[in-house]
Amino acid sequence: MTIQWFPGHMAKARRQVTEKLKLIDIVFELVDARIPVSSRNPMIDEIISSKPRIVLLNKADMADPKATQQWLAYFKEQGIHALPIDAKTGTGMKQIVSMSKEVLKEKFDRLAARGVKPRAIRALIIGIPNVGKSTLINRLAKKNMAKTGDRPGVTTAQQWVKVGKELELLDTPGILWPKFEDELVGLKLATTGAIKDAILNLQEVAFYALGFLGEKYPHRLKERYALEEIPEDRVELFDAVAKKRGCIMSGGWVDYDKTSELLLREIRSEKLGRLSFETTESIQQ
Ligand code: GDP
């Protein structure tokens with residue numbers, strides 16, 4: 001699922017999120033644990049403004065655990081509450097409620113002091129397409145409330161989904177656009193599968209991904225493709241993988257499309273293990 005974002009769509013998405021913010025106590029900002037910065041909306045801080053928030057590093061099951069630990073330390077340092085989760089299996093989700101209570105303690109204590117009856121915390125999930133918003137809502141609601149995927153043009157009344165007694169969730173998430181004007185962000189989104197292949201130059205994405213792996217995860221490449229050495233030259237590396245996998249056309253030419261498809265498929269299906277394409281160091285650089 002990929003939304004084509006035009007200025008009109010962006011303005012509408014922003015308006016919709018702003019409307020929803022009025023109804024809730026806390027935002028769950030969903031990002032992809034493999035690319036916690038590139039999978040954010042570039043204006044999210046401005047849009048959410050002072051509303052309390054928890055950053056949920058979703059798909060943590062696919063991310064490099066070491067990198068995720070560093071990200072958690074990074075967010076903590078910035079005073080931002082963050083949790084690694086896996087919406088597909090539900091790992092880490094129990095902590096969402098306890099962390100929300102912690103974040104909102106002061107507000108709810110204040111309300112209680114004024115004699116307001118205790119009520120469930122109201123939350124909204126926000127994120128770019130494909131980051132796992134529907135999966136998370138379904139999992140939290142423990143039934144198929146939200147359809148997975150996008151529902152453009154469908155406006156419905158706001159519905160609340162109960163998560164136990166202590167949390168209520170808006171059943172439609174806030175969908176915002178990624179920062180696609182940055183080429184590297186686009187390549188990372190594409191590598192992780194957040195952007196449909198049909199609208200991409202597959203070879204370009206595969207070249208980027210392979211270069212990244214050659215630099216950061218050379219041992220995984222060596223192991224997976226039985227390479228003795230990792231050639232420094234990216235084209236040479238690409239050719240070496242192609243040869244090992246028999247992606248060769250008649251006349252001995254490397255089949256770049258086939259190799260690109262194979263590589264991206266294997267990266268996305270964790271054949272090269274758990275990978276993170278963004279580290280705290282790379283962001284600081
Ligand atoms: P949305 O566009 O943000 O609502 O994203 P979806 O909920 O439709 O999820 C996009 C894809 O990511 C689907 O194929 C999900 O199965 C997958 N997905 C969502 N959460 C996780 C997760 O925590 N781990 C893994 N491995 N896959 C996930």
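In the predicted model, R245 is located in the loop that connects helix 9 (234-244) with helix 10 (256-268). The relative accessible area of R245 is 28%; because this value falls between the limits of 20% for buried and 50% for exposed, R245 is classed as partly exposed. Apart from its neighbours within four places in sequence, R245 is in contact with R224, Y225, L262 and E266.

At the level of the whole chain, two domains are assigned, domain 1 (5-168) and domain 2 (200-281). Their C-alpha centres are 34 Å apart. Contact between the domains involves 16 residues of domain 1 and 12 residues of domain 2. The area buried between domain 1 and domain 2 is about 1100 Å², with 46% of it on carbon and sulfur atoms. On the side of domain 1, R34, M62 and D64 account for 40% of the area buried against domain 2, more than any other three residues.

The number of salt bridges found across the interface is 0. By class, the side of domain 1 that touches domain 2 consists of 11 nonpolar, 2 polar and 3 charged residues.

How values were computed:
Residues are numbered from 1 along each chain as its sequence is written. This is a predicted model: local features need pLDDT of at least 70, side-chain atom pairs count only at pLDDT 80 or more; totals for chains, interfaces and linings use all residues. Side-chain values use heavy atoms; hydrogens and water are left out. Domain bounds come from an automatic or database domain assignment. Contact means heavy atoms within 4.5 Å. Buried area is the accessible area (1.4 Å probe) that two parts lose on being put together, summed over both. A salt bridge is a side-chain nitrogen of Lys or Arg within 4 Å of a carboxyl oxygen of Asp or Glu. Ala, Val, Leu, Ile, Met, Phe, Trp, Tyr, Cys and Pro count as nonpolar, Asp, Glu, Lys and Arg as charged, and the others, Gly among them, as polar. Helices (H or I, at least four residues) and strands (E, at least two) are DSSP runs, numbered from the N terminus. Buried means under 20% relative accessible area, exposed over 50%, partly exposed in between (1.4 Å probe, protein chains only).
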